Amino acid sequence: MGFGMTLTAPAPEATKTSEIIETDAVVIGAGPCGLFAVFELGLLDIKAHVVDILDRPGGQCAELYPEKPIYDVPALPIVTGQELTQRLMEQIKPFSPKFHFSEQINTLSREADGRFRLTTDAGTEFLTKVVIIAAGGGSFTPKRPPLAGIEDYEGKSVFYSVRKIEQMRGKDVVIVGGGDSALDWTLNLAPVARSLTLVHRRDEFRAAPHSVEKMRKLVEEASIRLLIGQVAALEGANGELSAVQVKTANGVESVPCTAMLPFFGLTMKLGPVADWGLNLHENLIHVDTERFETSEKGIFAIGDINWYPGKLKLILSGFHEAALMAQAAHRVVYPDKKLMFQYTTSSSSLQKKLGVK
């Protein structure tokens, strides 16, 4: 199987220059799964370059909810997206991965020697033995509410994610939505906002039941307001909101608002990955559960971007996938080298790689 529209003839040897980066592996995506893949690859002496369209590591974890608590990472009862990213970056330091931020892989083709040639939208070019796609759900953009003039307020008083909770301190916050993100941020921002109003079109929520229960308790205590209705219009000037108009069953109410957080979900797009000729399942990359390899030998997919029967979109599942992927990648990178499975707790050679004294 080829690579669809991007399949090209091998480049002549004469066109190769020192500017082309030759490496063992290119990891596409610097989220938690991509970062942990660097660790697992490093243990097996596989050097990696990491490419991410964002300008920092962490992926969706750091971009959408850097201060949102995560409760299901093993051995960490509570950790934020930013803290998890920092811990993973510390863990992979011994392997000195090279990062290419604010770049997107646009083309991918296979060379005559079996390696892959990748190019980014910034002109960076790689020759690599394996490719690991760890791009989360692909490129993602928040769904914008259909409100006139909302673009003028975006980034100033309308936000689709919360980078720092402290930025919301003392503000009149209106959160719009009924899913996990809306409820989570309602609970997290209630203690710091001057006022907080949750707006949802109906009195039923798609969020975790315990979050809904906590929210209703705050409403009963008059710590926050819950309005059943829809935001109909924005009030303000020069990008700064002063209020939002909420249409309810009783009419239109003007609600004080200096920061609005609409959580209407994300639009996920695979982007250029969709054109690489890989087998897809409902816009996700189909992989096996032994190697987490795609339909093309040497290209692997881990984390939220892949699919297989029984798939769970959990960070811990992506870590498991990264470990098995690295074992399979070793057979591609070092076809003539026998792989001896070792434990970091007892292997002096692995501990040496990690800098353990």
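How many helices and strands does the protein chain have? There are seven helices and 20 strands, each being a DSSP run (H or I of at least four residues for helices, E of at least two for strands) numbered from the N terminus. Before we set off, note that this is a predicted model, in which local features need pLDDT of at least 70 and side-chain atom pairs count only at pLDDT 80 or more, while totals for chains, interfaces and linings use all residues. Residues are numbered from 1 along each chain as its sequence is written, and side-chain values use heavy atoms, with hydrogens and water left out.

Let us start with the chain as a whole. Of its 357 residues, 49% are buried, where buried means under 20% relative accessible area, exposed over 50% and partly exposed in between (1.4 Å probe, protein chains only). Take the contacts (heavy atoms within 4.5 Å) between residues at least 6 apart in sequence: 60% of them join residues at least 24 apart.

Now turn to helix H1, residues 32-43, and look at how it meets helix H3, residues 81-92. Their axes lie 9 Å apart at an angle of about 15 degrees, with axes being lines fitted to C-alpha atoms, for helices over the stretch in contact, and angles running from 0 to 180 degrees between N-to-C directions. That makes H1 roughly parallel to H3 (under 35 degrees; over 145 is roughly antiparallel, 65 to 115 roughly perpendicular and the rest oblique). H1 passes H3 in a left-handed crossing, meaning that the near helix is turned anticlockwise from the far one by less than a right angle, whereas clockwise would be right-handed. Among the residues in this contact are Leu 35 and Phe 39 of H1 and Leu 88 and Ile 92 of H3. By class, the contact of H1 with H3 holds nine nonpolar, two polar and no charged residues; Ala, Val, Leu, Ile, Met, Phe, Trp, Tyr, Cys and Pro count as nonpolar, Asp, Glu, Lys and Arg as charged, and the others, Gly among them, as polar.

H1 also packs against helix H6 (residues 315-333), at an angle of about 35 degrees and with the axes 9 Å apart. Here the crossing is right-handed. Contributors include Cys 33, Ala 37 and Glu 40 from H1, along with Gly 318, Phe 319 and Ala 322 from H6. The contact of H1 with H6 has twelve nonpolar, one polar and one charged residues.

Strand E7 (residues 116-120) has four of its five residues buried, so it is largely enclosed by the rest of the structure. The hairpin of E6 and E7 has five residues between the strands, and Gly 114 in the turn shows a positive phi of about 95 degrees. E7 also runs antiparallel to strand E8 (residues 125-133), through four bridges, and Thr 119 stands opposite Glu 125. This second hairpin has four residues between its strands, with Gly 123 in the turn at a positive phi of about 90 degrees.

Finally, find the open sheet of three strands, ordered E17-E18-E20, with mixed pairing. E17 (280-281) and E20 (306-307) stand at the edges with a single partner strand each, so one side of each is left without a neighbour in the sheet. Two bridges join E17 to the antiparallel strand E18 (residues 284-286), where Ile 285 is the bridge partner of Leu 280.

Methods
Pairing = 2+ DSSP bridges.
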